[in-house]
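Student: I am new to this structure and would be grateful for a close look at a single part of it. May we begin once the model is in view?

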Amino acid sequence: RRGRGRAGMDDAVASRAHPARGVDGGVGVGCAREARDVLVVLCGVPGSGKTTLARAVCAMIDAGEAVMPSKMSCVSSFEAHHVSVDAHERALRDAAGARPEDAFDAEAWKSARARARARAAELLCDEDDGDEEEDGGDGGGGGASTRRRRRRVRRVVFADDNNYYASMRWEWFQIARERGAACVCAYVVAGDDENGHIPTGGVDIARERNARRASDRVPDEAFSRARRTFEAPPARSRLDDESSLSLWSFPTVRIDTHACDYDVAVAWASIVAAWGAAPKKLRTAEELESAREETRRNAAHAVDVRSRKAVSLAIARADASSRARVAAIVNDARRELVARVRKAKSADELEALERAFYARVDA
């Protein structure tokens, strides 16, 4: 289902608001502690099943079939939105007259990610779309004033992208933090182990799914790069500390779409179970810079580990006569990469640096 109604550029439509159904039909306990809205940050390699999961949950909510735990049943209704980076990128490429076989357009990709983030922030806004109501002003009869009316409907917003860097997920987390929404990372895999690796002797199900796509197929080279650069999020069932500045402070649920017992309703229930309070907002420039610095340190360390592995593989592939020369070239490239990553200011910049590094190593 594609963009109609308020969904705009979303890959799936906004669901109609439906009453929340608690599992026991009672009034939710602890409802005041749960953030009204939740941003579900999907991550996983292409073909893992992220978009299929998001569309299925949106369909459940649209049909009024999404059962909520009793803690949510104190709310009258809720709706879901699927914000797809791929949909925004596809629209930008179509507008530019690009063909499916044309080369990857880094600028279109960055613009698509920025537009998707802006859309998510808009959906998580605390106010209605234009409704106003009379307010008594100062209460002393000095004239009425108007104020925006707060939404009464809970919103579930799916942020659908590979989000293979932790810093990419942190950008979504910041949106949820600023909008006062809960944030849950849904790590979607297709038979991978807990570290995002294919079990020994196993089949790369996500790669096979991607190869069978009739459209939007990710080139095999790009898929391999996403696979080797993916930073698997650590398992975390709930928000540990509402005041934490840590990148890793928001909960993560792991969903295996290739498991024999995979069920969309169960996957949705695991997301709802992690739907807790909104993280504390960063009030000062010092707090924000502290969070950014932690993200940079984590990113630099992860890149250092991955680049060392890439260098080792490149040297091992070289024949004996050229091994010393290859080692000098790839080690220089790695040192340059790590130095520049420490100064990177965005996930987009980090992605471009690592893409250039792998191009040199593969050559």
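Student: Is Asp-192 buried or exposed, and what is its relative accessible area?

Tutor: A word on the source comes first: this is a predicted model, in which local features need pLDDT of at least 70, side-chain atom pairs count only at pLDDT 80 or more, and totals for chains, interfaces and linings use all residues. Residues are numbered from 1 along each chain as its sequence is written, and side-chain values use heavy atoms, with hydrogens and water left out.

Asp-192 is buried, with a relative accessible area of 7%; buried means under 20% relative accessible area, exposed over 50%, and partly exposed in between, with a 1.4 Å probe and protein chains only. The side chain of Asp-192 meets that of Arg-227 in a salt bridge, at 2.7 Å from N to O. The term salt bridge denotes a side-chain nitrogen of Lys or Arg within 4 Å of a carboxyl oxygen of Asp or Glu. In general, side chains of opposite charge can pair when their charged atoms come close.

This pair links distant parts of the chain, 35 residues apart: Asp-192 lies in the loop between β8 (182–189) and α5, and Arg-227 in helix α6. Helices (H or I, at least four residues) and strands (E, at least two) are DSSP runs, numbered from the N terminus. Arg-227 also counts as buried, at 16% relative accessibility. Both residues belong to a network of salt bridges that links Asp-192, Asp-204, Arg-207, Asp-220 and Arg-227.

The wider setting may now be considered. A search of the whole structure finds 17 salt bridges. One of them joins the side chains of Arg-90 and Asp-216, again with 2.7 Å from N to O. Arg-90 lies in helix α2 (residues 85–95) and Asp-216 in the loop between α5 (205–211) and α6 (220–229), so the pair ties together parts that are 126 residues apart in sequence. Here Arg-90 counts as partly exposed, at 24% relative accessibility, and Asp-216 likewise counts as partly exposed, at 44%.

A further salt bridge is formed by the side chains of Arg-360 and Glu-336, at 3.2 Å from N to O. That pair links helix α10 (residues 347–362), which holds Arg-360, with helix α9 (residues 323–341), which holds Glu-336; the two residues are 24 apart. Arg-360 is partly exposed, with a relative accessible area of 41%, and Glu-336 is partly exposed, with 37%. By contrast, Asp-192 and Arg-227 are both buried.
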